[in-house]
Every structure is written in structure tokens, then in C-alpha cells.
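Here is a short report for a reader new to this structure. Please look at the sequence and the model first, then read on.

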Amino acid sequence: MAVGIWTLIEKSDYLSLLASSTFAVSAYILIFAGGLVMVTGFLGCCAVIREQKSCLCTYFSFLLLIFLIELVAGVLAYMYYQRLSEELKQHLNLTMTENYAQPGRNHITHSVDRLQQDFKCCGSNSSADWQYSIYILSPESGGRVVPDSCCKTITPSCGQRDHPSNIYKVEGGCITKLEQFLADHLLIIGAVGIGVACLQLTGALLTSCFIYILYKEEKDEYSEM
């Protein structure tokens, strides 16, 4: 649950640059499953203390449900990890050059600015990508050749000069750094999802054993009568 919330709150700006919502969906699934685990844990404690078979059966069902949900989150994260590189290559440059500083695209503009400042990069593959940008080619750019967020020290209209001493010129551009960042987080989401799923399956097996013991004790009591 904590991993899902952290991903959506701290890294939400980067998610708007992705063509697919799989990354966000995986995080939402973890949050939902985490909330369900908290409720189910309380139900399980009450069921064990009171030794109520009906509550234990309900608890067992919830554990299996959580197992399936967490497993789905883990598998989604792993599948998206496999095609992340191709998606970024196809869509990131297009998103940056066609949507940056355009009307109604403030969230994209903010995301690109934060991306370039956080990762100290400029452009999808290189700073040269910005020469095809709708914004850079428009009068609104004010003679800039790159956005100001490419600058090592941001000052008004600093993007008018694209010398390496002024802007970030990183080999591989932003796409390499963003891909590595997202890949690392997808591995975390996948590992957490599958790990918690295994724990829930173990809990379900132990619960089924406890239910069996209660049924056996009840049967023995009837037999003695």
C-alpha cells in the first residue's frame, strides 16, 4: 500500500508522460490491496479469537482475493517492464515536442520541466530534439532553442543559448534516465506485489488448516456424545 501511494504522489508528474496507464494501474491495485489487507487482518484476528468457522471461511476467501489482486499487480508491472523501452522510444519525444507549452497542456509542460531538472537532461534523445518542437518554432519561444528547464541554472530566457556550459547535454537524453528510473520502480512494484501475494497464500493455507482443525474437534465432540 505504501509503495503504491508513494509512486502516485511522488512520481505522478512522470506518469503523465507515459502513453500507457499500466504503471499507474499497478500502483492503484497495490493501494486497494493494501487497504483490503488492513480490513482483512482485523477480521482474521476476530475470527481466530472467537474461533468462528463462518468468519474464518470469510477471512480465507478474502486472503485468496488479495492473493489474486497482488499477483495481477505484480504480473502487470513485469509485463510493462518488458515493453517500457519501446513505448518510451515511440511516444516520449512526440509528447515533449508536440505538447510542451501548448494550450491546455500545462500538466505536460510541468512534467517535462521537472523531468529535465530532476534528471539533469535535455530533450528525449538529445537537446537537438527541441528544434522540432512546436513551442520552439513558435514566436512564443522568444528566440529560445531549448526550454529554460534545460539550463543548469535557470534564468529568464536562458534557453536561448544551447552551449554545453549552459544546458544539460547528456548522452542518451532524458529517455535513458527516465527508462532506468521507471524500470527500477516497476521492479519494486512487481516484487512487492508477488511477495505479498505469496504471504497471503501462506496465510490462506494456514487458515484452511485451522478451519479443518475446528471442524475435526467439532466432529469429535459429536462422536463422544
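## Salt bridges and helices

Arg-114 and Asp-118 lie 4 residues apart in helix H5, so about one helical turn separates them. Helices (H or I, at least four residues) are DSSP runs, numbered from the N terminus. This is a predicted model, where local features need pLDDT of at least 70, side-chain atom pairs count only at pLDDT 80 or more, and totals for chains, interfaces and linings use all residues. Residues are numbered from 1 along each chain as its sequence is written, and side-chain values use heavy atoms, with hydrogens and water left out.

Arg-114 and Asp-118 form a salt bridge. The term means a side-chain nitrogen of Lys or Arg within 4 Å of a carboxyl oxygen of Asp or Glu. The structure holds 2 salt bridges. The table gives both pairs.

| Salt bridge | Closest N and O atoms |
|---|---|
| Arg-114 with Asp-118 | 2.9 Å |
| Arg-144 with Asp-148 | 2.9 Å |

Are Arg-144 and Asp-148 buried or exposed? Both are buried. Buried means under 20% relative accessible area, exposed over 50%, and partly exposed in between (1.4 Å probe, protein chains only). Arg-114 is partly exposed at 26%. Asp-118 is also partly exposed, at 40% relative accessibility.

Helix H5 covers residues 106-118 and packs with H4. Two packed helices are described by the angle between their axes and the distance between the axes. For H4 and H5, the angle is about 120° and the axes are 10 Å apart. Axes are lines fitted to C-alpha atoms, for helices over the stretch in contact, and angles run from 0 to 180 degrees between N-to-C directions. H4 and H5 are therefore oblique to each other. Angles under 35 degrees count as roughly parallel, over 145 as roughly antiparallel, 65 to 115 as roughly perpendicular and the rest as oblique.

H4 (53-99) and H6 (173-224) each supply at least two residues of a nonpolar patch. H4 gives the most, with 5 residues. The patch has about 620 Å² of accessible area, and its members include Val-75, Leu-187 and Ile-194. Patch residues have over 30% relative accessible area and no salt bridge; like charges are joined within 9 Å, nonpolar side chains (Val, Leu, Ile, Met, Phe, Trp, Tyr) within 5 Å. Areas come from the Shrake-Rupley method with a 1.4 Å probe; for residues, only the protein chains shown count as cover. Val-75 sits in H4 and is partly exposed at 39%.

Leu-214 belongs to H6. Leu-214 is buried, at 8% relative accessible area.
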